[in-house]
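These are my notebook entries from going through one model. I set down the terms as I needed them.

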Amino acid sequence: MQDLDLMKNMPKLIVKWYQQNKRELPWRKEKNPYDIWISEIMLQQTRIEAVMGYYERFLKSLPTVKDLAEVNEEKLLKLWEGLGYYNRARNLKKAAQIVQEKYDGNMPKSYEELLELPGIGEYTAGAIASIAYDEPVPAVDGNVLRVVSRVVASKKDVLEAKTKKEFTEKLQKIMPKQAGDFNEGLMELGERICLPNGEPFCDKCPLQEICLAKKEGLIAEIPVRNAKIKRKKEQKTVFLLECESKIAIRKRESTGLLANLYEFPNVDGKLTKKEIEKVLQDWKLQVKSVEKAGTHHHIFSHVEWDMVGFKVSVENVNDKFIWGEQQELWEKYAIPGAFSKFREKM
Ligand code: SF4
């Protein structure tokens, strides 16, 4: 049977299931494109449960496009602290500035216009246009790819762009009038029922009668994910510097990974005791004691950091770093997850 023949019954089944089973989520209360946009950007790479608190805080602080367009970067990054992928937050602001200027603060109303904004790709444009305006365009993420691959028992690699393109084109041909409910239903089905790891809950799935992977016993093999991500591996020695009740952080470079965020002072490589002493000397710090403060392995999209921490008690502060009381620094500065793991050692 052709893929489209299998897929043509999906909209009716998914929309009905979604309307009866959807979760109450804060961004679903009103079909406000701004709220949907913020939630969709936050939900990239992050689970719904983890996003909830961030979303409420962000919307409370920046409830409109204008507020986002005018927010200063420090505050924006602080609101984003812990979510990772900080360029997403910067792109939100850039896009908000364009919406403010070009559309008088009203989110554009079509997929094509949304796609022109920084940080909004095909998936996000499709999600906003379909959920807020019921524009019949697909929104294809990993959950959707998994469900569709299983329904048609496709052995194509879902990590390849051409597979995504092919499924997007097929979904485009079956989009119903209730485009928002269909897209949200597909995503939610992938998240709650057609699970990526372990057994999916096929007995609760509205697609169980048409799903070829289920019929042919291929669920464990689909979706196929072959493309491997090669990450660069880097080592870091991190210094948790303490001078009486004050600790030290510094601002990162204005470009590159984690740009403009704050971090504990650190150097590349795993240093020997001698090298540590030399670094502290170069920083003009009189050392009282040095003790190990654990390790942390942090994975970014293209690089992995193997980090080893040292807690160093010093006699004096220097003018190289920002020194302050812990509480004050945590409240004021955005410290990314890679470093916040060492916070508990302070
Ligand atoms: S029947 Fe099972 S494998 Fe098929 S789409 Fe539903 S949950 Fe996924």
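I take helices (H or I, at least four residues) and strands (E, at least two) as DSSP runs, numbered from the N terminus. I worked on a predicted model, in which local features need pLDDT of at least 70 and side-chain atom pairs count only at pLDDT 80 or more, while totals for chains, interfaces and linings use all residues. I number residues from 1 along each chain as its sequence is written.

**Entry 1, backbone.** I looked up Pro223 and found it in the loop between H13 and strand E1 (232-243); the peptide bond that leads from Ile222 to Pro223 is cis, with omega near 5°. I then turned to Ala153, which is not a glycine and yet has a positive phi of about 50°, and which sits in the loop between H10 and helix H11 (161-174). For burial I count C-beta atoms, placed from the backbone, within 10 Å of a residue's own: 20 or more others make it buried, 12 or fewer exposed, and anything in between partly exposed. Ala153 is buried because 20 other C-beta atoms lie within 10 Å. Lys284, also not a glycine, has a positive phi of about 60° and is found in the loop between H14 and E5, but I list Lys284 as exposed because it has 12 C-beta neighbours inside 10 Å. For helix H14 (residues 273-282) itself, I noted that the count of buried residues among its 10 residues is 0.

**Entry 2, hairpin.** I followed strand E5 (residues 287-299) into strand E6 (residues 303-314); they run antiparallel and are joined by 10 bridges, where strands pair if DSSP finds at least two bridges between them. E5 and E6 make a hairpin with 3 residues between them, and I recorded Trp305 in E6 as the bridge partner of His298.

I used domain 1 (3-221) and domain 2 (232-345), with bounds that come from an automatic or database domain assignment. Their centres, taken over C-alpha atoms, are separated by 37 Å. Calling two residues in contact if their C-beta atoms, placed from the backbone, lie within 7 Å, I have 8 residues of domain 1 in contact with 7 residues of domain 2.

A nonpolar core here is a set of buried Ala, Val, Leu, Ile, Met, Phe, Trp, Tyr and Cys residues joined through C-beta atoms within 7 Å. The largest one has 87 residues, of which Ile14, Trp80, Ile128 and Leu240 touch the most other members. Domain 1 and domain 2 both give residues to this core, so I place it between them. Leaving out residues up to four places away in sequence, I listed Pro33, Ile36, Trp37, Glu40 and Leu114 as the residues that Ile128 touches.

I located Leu257 in the loop between strand E2 (246-251) and strand E3 (262-263), and I class Leu257 as partly exposed because it has 17 C-beta neighbours inside 10 Å. Leu257 touches Phe300 and Val303, again not counting residues up to four places away in sequence. The C-alpha atoms of Leu257 and Tyr85 are 8.9 Å from each other, although 172 residues apart along the chain.
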